[in-house]
Amino acid sequence: MTVSATASSDGFLYDRVSQHLLELVAAGTLKPGDRAPSLRGLSRQLNVSISTVSQAYNRLQDMGVLRVKPQSGYYVDGSIAATSAQAVQRRTSVSRQPRKVRFGELFEEIFSVANDPSVVPFGAAVPAVELMPVKGMVRATQRALTRRPEQAVNYCFPPGDVELRREIARRYVPLGVAVDPDNVIITSGCSEALALSLQTVTRRGDIVAVESPTYFSVLRLIERMGLLAVEIDSDPQTGICLDALQTAIDTMEIKAVVGVLNFSNPLGSVMPDSHKERLVAMLEQAGIPLIEDDIYGDLHFGEQRPAIAKRYERKGQVLTCASFSKTVAPGYRIGWVIADRYRDELIEWKQATSSAMCSLPQAAMAEYLRSGEYERHLVRLRNAYRSQVEKMRFMLGRVMPPTTRITNPQGGFVLWLELPRGVDAIELMHRALQEHISLTPGMLFSATRKFRNFIRINCGHPWSSRIEDAVERLGVLTHELLSAG
Ligand SMILES: Cc1ncc(COP(=O)(O)O)c(C=O)c1O
């Protein structure tokens with residue numbers, strides 16, 4: 001908003017200053033408890049007198065929007081949380097008119113509410129913060145700062161922190177994979193690991209084979225990079241169908257395959273080890289690199305962690321990507337690629353795009369892994385995810401229409417639901433968002449816009465009556481859509 005300095009009366013001006021503040025609060029830019037801009041600062045910013053701002057602030061105080069703390073300034077009142085909740089509701093209002101679905105818009109809707117505490121978080125695959133080892137990471141960060149204070153403030157160039165790369169490489173020993181720390185490249189989350197891998201092994205116009213359904217960010221990357229996706233059907237238990245992939249390889253020039261082989265997103269499927277071996281052999285024979293995304297590999301419900309495809313390679317053509325985002329701290333953005341023969345080119349891409357990476361989170365993660373806390377934390381986390389997934393599955397089975405089908409994953413923390421035909425998942429998403437419940441519509445997991453009556457449900461949050469109520473509501477809304485359709 002711009003406030004004209006030539007406006008004729010102070011009354012007019014202070015009204016507009018109040019309005020400016022109200023807009024900031026309604027949009028959530030200023031939240032309850034936040035300090036409001038100082039009188040002097042706002043008067044300079046809006047080019048009005050201090051007394052005009054002061055008048056506006058007095059009025060906002062009378063309205064209960066601001067309160068004054070002596071010798072400290074003005075603060076947004078803690079009791080106006082409802083204003084920001086309304087902002088969410090407004091953004092997600094239901095249109096009864098048919099409309100073209102724009103994917104960018106859908107992503108924005110899903111991610112804009114991912115961290116909104118007023119929305120029940122069934123949408124983005126984001127784990128609850130209370131399940132993350134917050135204290136352990138604080139201690140590890142403090143140790144990192146004490147041990148390596150200079151390094152923490154300095155540039156850290158690719159391939160990244162050597163201590164962290166060693167700790168990551170060590171974790172592959174029990175999986176029977178000898179990883180050279182020099183071939184581990186630290187990235188900003190698994191997202192960047194996937195992007196750099198694709199950049200390294202493909203050129204604009206190339207064809208990339210993906211699972212169907214597949215993790216939507218892979219489809220977005222493919223689209224943004226000017227690549228073409230060929231979708232290969234995936235089995236809810238065993239993942240990508242190898243015969244179908246072979247046919248695709250025989251009939252088109254595929255330049256890369258991307259897959260989440262362990263606890264895929266959204267199916268939760270795990271490719272059996274014998275299939276992984278066959279997959280790698282097939283791709284080596286055809287000279288096609290495999291980008292395996294193993295972000296969920298540590299989150300197995302059974303005793304045994306599933307193998308990674310890299311274990312079966314002979315030619316170094318598997319790029320293994322992963323991160324600690326689903327296990328330790330998504331905010332630290334620590335991901336990696338084991339790039340082997342693609343190492344140098346991948347590092348060039350990394351240098352070209354981001355030059356260096358955050359030093360302190362890497363040093364902290366290295367400390368955390370070295371302390372042995374990660375393994376203990378994983379035991380608790382896997383138990384929590386298993387119980388949350390089981391409860392959610394049970395409850396959804398109870399409240400959803402009887403023909404609904406639900407996956408039964410043995411790891412990770414998402415469920416994939418096939419709703420009765422005729423239930424439009426996007427409509428369901430909009431109706432649920434009106435009630436402050438998020439979910440992800442199935443269409444996002446396909447380049448060809450399949451899965452219109454499918455949804456993905458995040459089970460990354462501990463069970464509570466709030467979650468239970470939201471599941472009940474989801475059931476009611478689905479029944480309503482079914483009978484309306
Ligand atoms: C399969 C898969 N790969 C990658 C990512 C992105 O991970 P990160 O947050 O580490 O970038 C996600 C996040 O949902 C995911 O589900």
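**A guided tour of the predicted model**

Begin by selecting helix α9 and helix α10, the latter covering residues 216-224; the two pack at an angle of about 40°, and their axes are 11 Å apart. The structure on display is a predicted model. Two packed helices are described by the angle between their axes and the distance between the axes. The crossing of α9 and α10 is right-handed.

Next, show the side chains where these helices meet. From α9, select Ser191, Leu194, Ala195 and Leu198; their partners in α10 are Ser217, Val218 and Leu221. Sorted by class, this contact of α9 with α10 contains 5 nonpolar and 2 polar residues, and no charged ones.

Keep α9 selected and turn to the ligand. Which helix gives the largest share of the shell around the ligand? It is α9 (residues 189-201), with 3 residues. The ligand is surrounded by 13 residues, of which the closest are Gly189, Cys190, Ser191, Ser323 and Ser325. Colour the shell by class to find 6 nonpolar, 6 polar and 1 charged residues.

Now move to a hairpin. Select strand β1 (residues 66-69) and strand β2 (residues 73-76), which run antiparallel and are joined by 4 bridges. Lys69 stands opposite Gly73 in β2. Between the two strands of this hairpin there are 3 residues, and Gln71 takes a positive phi near 60°.

The following stop is an open sheet. Select its 4 strands, which follow the order β11-β12-β14-β13 with antiparallel pairing. At the edges are β11 (405-406) and β13 (440-441), each of which pairs on one side only. Then look at β12 (residues 414-418) and β14 (residues 454-458): 5 bridges join these antiparallel strands. Within this pair, Leu417 is opposite Ile455 in β14.

Finally, select Leu481, which belongs to helix α17 (residues 465-484). Is Leu481 buried or exposed? Leu481 is buried, because 20 other C-beta atoms lie within 10 Å. Apart from neighbours within four places in sequence, Leu481 is in contact with Val423, Asp424, Glu427 and Leu428. To end the tour, display the C-alpha atoms of Leu481 and Asp424: these residues are 57 residues apart in sequence, and the C-alpha to C-alpha distance is 7.8 Å.

Definitions and conventions:
Residues numbered from 1 in each chain as written. Predicted model: local features only at pLDDT ≥ 70, side-chain atom pairs only at ≥ 80, totals over all residues. Near = placed C-beta within 6 Å. Nonpolar A, V, L, I, M, F, W, Y, C, P; charged D, E, K, R; others polar. Pairing = 2+ DSSP bridges. Axes fitted to C-alpha atoms, helices over the stretch in contact; angles between N-to-C directions. Left-handed = near helix turned anticlockwise from the far one by under 90°. Contact = placed C-beta atoms within 7 Å. Buried ≥ 20, exposed ≤ 12 C-beta atoms within 10 Å, placed from the backbone.
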